[in-house]
Amino acid sequence: MKILNDETPEKPEINYPTDWGFKIIGRDKKSLEKCIKEIMKIEGDKKHSCTMGNQSKTGKFTTYNASCTVENEEERKRIFKYFEEHDDVDMVI
């Protein structure tokens, strides 16, 4: 397995279309579920899967794993940006 970091000279090659996962972190479980559905609808009722991830020790943060097939790099980045800018999302990975 190759580790990607600041010392990696080349960008990884991604062959599209491909399944892509987004880890979405926020404070409210229902709001995150709604957010994922909204964004996938914006993208043309994109078929997706969504599973609950971990919850922080204090219960303050919840993680969801959303995945879908992305057709190209532009679509992948656009979906990431939608999550990143959504009011109910604290972080997306």
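The protein has two helices and four strands, where helices (H or I, at least four residues) and strands (E, at least two) are DSSP runs numbered from the N terminus. This is a predicted model, in which local features need pLDDT of at least 70, side-chain atom pairs count only at pLDDT 80 or more, and totals for chains, interfaces and linings use all residues. Residues are numbered from 1 along each chain as its sequence is written, and side-chain values use heavy atoms, with hydrogens and water left out.

Read from the N terminus, the order of elements is β-α-β-β-α-β. Along the principal axes, the C-alpha atoms fill a box of roughly 40 × 35 × 20 Å.

Next, the interior. Of the 93 residues, 27% are buried; buried means under 20% relative accessible area, exposed over 50%, and partly exposed in between, with a 1.4 Å probe and protein chains only. The largest nonpolar core has 15 residues. A nonpolar core here is a set of buried Ala, Val, Leu, Ile, Met, Phe, Trp, Tyr and Cys residues joined through side-chain atoms within 4.5 Å. Phe22, Ile24, Ile36, Ile79 and Phe83 touch the most other members. Strand 1 (18–26), helix 1 (29–42), strand 3 (62–70) and helix 2 each give two or more residues to this core, and helix 1 gives the most, with five.

Aspartate 88 sits in the loop that joins helix 2 (73–85) to strand 4 (91–92). Is Aspartate 88 buried or partly exposed? Its relative accessible area is 32%, so Aspartate 88 counts as partly exposed.
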